[in-house]
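Colleague: I am new to this structure and would like a guided tour. Could we begin with the sheets and then move on to other parts?

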Amino acid sequence: YPSTPPSTSLMFMQSNGGLTDAALFQGKDSILSGPAGGVVGAVQTSRQAGYDRVIGFDMGGTSTDVSHYRGEYERVFETEVAGVRLRAPMMAIYTVAAGGGSIVSFDGSRYRVGPESAGAYPGPACYRHGGPLAVTDCNVMVGKLQPEFFPHVFGPEGDLPLDADVLCQKFVALAEEIQSSTGDARSPEQVAAGFLSIAVEKMANAIKKISVQRGYDVSDYVLCSFGGAGGQHACLIADALGMTEVFLHPYAGVLSAYGMGLADVRSLNERSVELPLEEATLAEIQQVVESLASKGLEELAQQGFALDLESKIQNSKLPQVLPRLLLKYEGTDSTLAVDFAGVEAMRSQFTTLHRQRYGFAQADKRLIVDTAAVEVIGHTHSPDEPDVPRVRAQPLTPKTTVPVYTAEAWHDTPVYHREDLCPGDAIAGPALVIEPTGTNVVEPGWKATLTAKGHLILKKDASQISFVGFASGKTVDHSPAEISSTHATALSPS
């Protein structure tokens, strides 16, 4: 390999969402570096688009990674990956086995999606390598992926389109098998749509675990969809969660890589404390925090950042130093992170967070400082995204119209190329928006609009939002009287 020029700085991405110099890089800090790049990309691009509450939805070939952002990156300091327990700061990312390559099957009584994956090779059945039916095949079967507009990189010479014929034959055979086993007569496209519904439910449940089940109402968040398969499912995921807005960056298909270029240089250091949170112990805890801050500042100084090593961490004019404590109730193991401050201020933060997360607080119970953690940030230059200068004299017209099975019916669906769109263009669903790194599906009841910066914003039609309290966004099935009657019947001794 050629030697690296002396003027070139080699940086590595870390699982905590920050870059570090190659000389300071350790393997344990790279376990989730790829998904962490996706979180950074989702947050930074969403912020440039004007969003400060973000659900990251990264659907790739094997799995889906979801994340939550509300003003700060969320991290865990101890996690288990592939059966190995690691104690290292990592982005809080929840993963489920639902990706474009997740194998779909029928076990004799029910539909199954994953966790097994067809992988890159042989890949889904449509990849021309004899692979099994997968989620990608389902999208081809219902028309959401069009072989004509998918890269022609398959076959012995790597120049053929997706094989729609072979997967169609497989779905016909599977539909016949399901009918013979259960008597349920469904068309091949209905079978494919059923598998997609299961995959969507799995991914929506993953998002609930990192949001709704932790006390956050996702209805006022934007769903930042990215990854090669994200755009095909984003509207359905949002519908399942009661969300009304989806953000698709021009680089959505490769946002994890793009996010690494937007990341800051970060140093995270933490140390076990195990002291009660009291005025008598605050000085000792502060010594630990200052020691960790100095260590982090020294690491950034080695990477060319001019930082004042003598500054105290309480100085709010140093935003690059973020000290935090992980607190817990005495006798428990669940910790919550609070900003390092005075004892009463930290106790108040913890009480608020605990009540939000678990629904209660114990004011008379002693708090224990489990861990001190200090993040030091060296901000890098991330240029603002320029406005898209395109102006079109002629009205927007689709490239073609194709049949797509969605919302339990076939629809004549227009196909657009994202590069042909101009700021202000609005496309009502159903529609397909094709771009170099993915296919985006605008479902019925949704509208896609291109912003001045080239961002694609999908919004739910207000007339389709019936009842905010229901995560599905659907109408209520029963009146209150009917619900009460139903519950009374179910609970009666007879």
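Modeller: Before we start, one term is needed: two strands pair if DSSP finds at least two bridges between them. Please also keep in mind that this is a predicted model.

Colleague: With that in hand, in what order do the 4 strands of the open sheet run?

Modeller: The order is E18-E19-E21-E22, and the pairing is mixed.

Colleague: Which strands stand at the edges there?

Modeller: The edges are taken by strand E18 (400-406) and E22; each has a single partner strand, so one side of each is left without a neighbour in the sheet. On average, neighbouring strands of this sheet are turned by 30 degrees against each other, direction ignored.

Colleague: How many bridges join E18 to E19?

Modeller: There are 7 bridges between E18 and strand E19 (residues 409-417), and the two strands run antiparallel. Within this pair, Thr 400 is placed opposite Val 415 of E19.

Colleague: What is found in the loop between E18 and E19?

Modeller: Ala 407 sits in that loop. Its phi is near 55 degrees, which is a positive value in a residue other than glycine. Most residues other than glycine have a negative phi.

Colleague: Now the other sheet, please. What is the order of its 8 strands?

Modeller: That open sheet reads E9-E4-E3-E12-E13-E24-E23-E20, again with mixed pairing. Strand E9 (94-96) and strand E20 (426-428) are its edge strands, each pairing on one side only. Its neighbouring strands are turned by 20 degrees against each other on average, direction ignored.

Colleague: How do E3 and E4 run, parallel or antiparallel?

Modeller: Strand E3 (residues 53-59) and strand E4 (residues 64-70) run antiparallel and are joined by 7 bridges. Asp 58 has Asp 65 in E4 as its bridge partner.

Colleague: Which helix lies across E3?

Modeller: Helix H5 (residues 230-241) does, and it also lies across strand E12 (222-226), strand E13 (245-248), strand E23 (446-450) and strand E24 (456-460). Relative to E12, H5 runs at about 160 degrees.

Colleague: Let us turn to helix packing. At what angle do H3 and H4 pack?

Modeller: Helix H3 (residues 164-182) and helix H4 (residues 188-210) pack at about 85 degrees, and their axes are 8 Å apart. The two helices are therefore roughly perpendicular to each other. On the H3 side the contact is made by Phe 171, Val 172, Leu 174, Ala 175 and Ile 178, while H4 contributes Pro 188, Val 191, Ala 192 and Phe 195. By class, this contact has 9 nonpolar residues, with no polar and no charged ones.

Colleague: And what about H1 and H6: how do their axes cross?

Modeller: The axes of H1 and helix H6 (residues 255-262) cross at roughly 75 degrees and come within 7 Å. H1 and H6 are therefore roughly perpendicular to each other. Among the residues that meet are Gly 34, Gly 37, Gly 38 and Gly 41 in H1, and Tyr 258, Gly 259 and Met 260 in H6. By class, the contact of H1 with H6 has 6 nonpolar, 9 polar and no charged residues.

Colleague: Changing topic: how many cavities of 30 Å³ or more does the structure hold?

Modeller: It holds 3 of them. The largest cavity has a volume of about 50 Å³, and its lining consists of 13 residues. Gly 227, Gly 231, Ala 252, Gly 438 and Asn 440 lie nearest its centre. Strand E22 (438-442) gives the most to this lining, with 3 residues. The lining divides into 3 nonpolar, 9 polar and 1 charged.

Note on methods: Residues numbered from 1 in each chain as written. Predicted model: local features only at pLDDT ≥ 70, side-chain atom pairs only at ≥ 80, totals over all residues. Heavy atoms only, no water. Axes fitted to C-alpha atoms, helices over the stretch in contact; angles between N-to-C directions. Parallel < 35°, antiparallel > 145°, perpendicular 65-115°, else oblique. Contact = heavy atoms within 4.5 Å. Nonpolar A, V, L, I, M, F, W, Y, C, P; charged D, E, K, R; others polar. 1 Å grid on protein atoms, 1.4 Å probe; cavity = no way out; pocket = protein on both sides within 12 Å on 5 of 7 lines; lining within 4 Å. Points joined across faces, edges and corners; volume = space filled by probe spheres on them.
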